[in-house]
Amino acid sequence: MSKQIVLTIAGADITFSPTPELYGEYIGAMARGELTESAHNFVMQSAEGDEGKEVLRKLDEENAGAMLQVAGSIVGEYAPKVAITVKK
């Protein structure tokens, strides 16, 4: 499932197109404890266009936790929570 997600970040609209492969790699790396590197890779590989990537690079230089926040927003749209109820 490929889904386009547009986020406004630092005043710029940036389109992201995460894929099941990128999502799986991100979740796997997070499970191994590679938090910041996996978030950075997921965000940059999902981002479309050079202008958006440049905004993201600058943001990453200015704010070490920015990529984790952006990745969280992308994942929240790409794989929203599922309501699960256990019946007894």
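Select Tyr78 to begin, a residue that is buried, with a relative accessible area of 6% (buried means under 20% relative accessible area, exposed over 50%, and partly exposed in between, with a 1.4 Å probe and protein chains only). This is a predicted model, in which local features need pLDDT of at least 70 and side-chain atom pairs count only at pLDDT 80 or more, while totals for chains, interfaces and linings use all residues. Residues are numbered from 1 along each chain as its sequence is written, and side-chain values use heavy atoms, with hydrogens and water left out.

**The aromatic pairs**

Keep Tyr78 on screen and turn to the rings. The structure holds two aromatic pairs, where rings of Phe, Tyr and Trp (its six-membered ring) pair if their centres lie within 6.5 Å, with planes under 30 degrees apart counting as stacked, over 60 as edge-to-face and the rest as tilted. In one of them Tyr78 is joined with Tyr23 in a tilted arrangement, 5.5 Å centre to centre and with 50° between the planes. This pair links distant parts of the chain, since Tyr23 belongs to helix α1 and Tyr78 to helix α4, 55 residues apart; helices (H or I, at least four residues) and strands (E, at least two) are DSSP runs, numbered from the N terminus. Tyr23 itself is partly exposed, with a relative accessible area of 24%.

Next select Tyr26 and Phe42, whose ring centres are 4.7 Å apart and whose planes meet at 15°, so the pair is stacked. Tyr26 lies in helix α1 and Phe42 in helix α2, so this pair ties together parts that are 16 residues apart in sequence. Tyr26 is buried at a relative accessible area of 7%, and Phe42 is buried at 2%.

**Along helix α1**

Now select residues 20–31, the twelve residues of helix α1, which at 1.5 Å a residue should span 16 Å, and whose end C-alpha atoms are 16 Å apart, in agreement (the expected span is 1.5 Å times one less than the number of residues). Which residues of α1 are buried? Colour Leu22, Tyr26 and Ala29, for these are buried in α1. They cover an arc of only 70° around the axis, which puts them on the same side of α1, the arc being that of the directions from the helix axis to the C-beta atoms. An α-helix has 3.6 residues a turn, so residues three or four places apart point the same way.

To see what the buried residues of α1 meet, show α2 (35–46) and α4 (66–78), against which they pack, with contact meaning heavy atoms within 4.5 Å. Just after α1, pick out Gly33, which takes a positive phi of about 90°.

**Ser38 and its surroundings**

Move on to Ser38 in helix α2, a residue that is buried, with a relative accessible area of 4%. Leaving aside residues up to four places away in sequence, Ser38 touches Tyr26, Ala29 and Met30. The side chain of Ser38 also reaches the backbone oxygen of Glu34, at 2.4 Å.

**The salt bridges**

How many salt bridges are there? The count comes to two, where a salt bridge is a side-chain nitrogen of Lys or Arg within 4 Å of a carboxyl oxygen of Asp or Glu. Stay with Glu34, which forms a salt bridge with Arg32, the closest N and O atoms being 3.4 Å apart. Glu34 counts as partly exposed at 33% relative accessibility, whereas Arg32, at 58%, counts as exposed.

For the other bridge, select Glu54 and Arg57, whose closest N and O atoms are 3.6 Å apart. Both residues lie in helix α3, three residues apart, about one turn of the helix. Glu54 is partly exposed at 47% relative accessibility, and Arg57 is partly exposed with a relative accessible area of 39%.

**Two last stops**

While helix α3 (residues 50–62) is in view, find Gly52 within it, which at 9% relative accessibility counts as buried. Draw a distance from Gly52 to Thr85: the two are 33 residues apart in sequence and 39 Å apart in space, C-alpha to C-alpha.

Finally, go to Ala10, in the loop between β1 (5–9) and β2 (12–16). Ala10 has a positive phi of about 50° although it is not a glycine, and Ala10 is exposed, with a relative accessible area of 69%.

Note on methods:
Polar contact = N/O pair within 3.5 Å; in protein donor to acceptor, adjacent residues only side chain to side chain.
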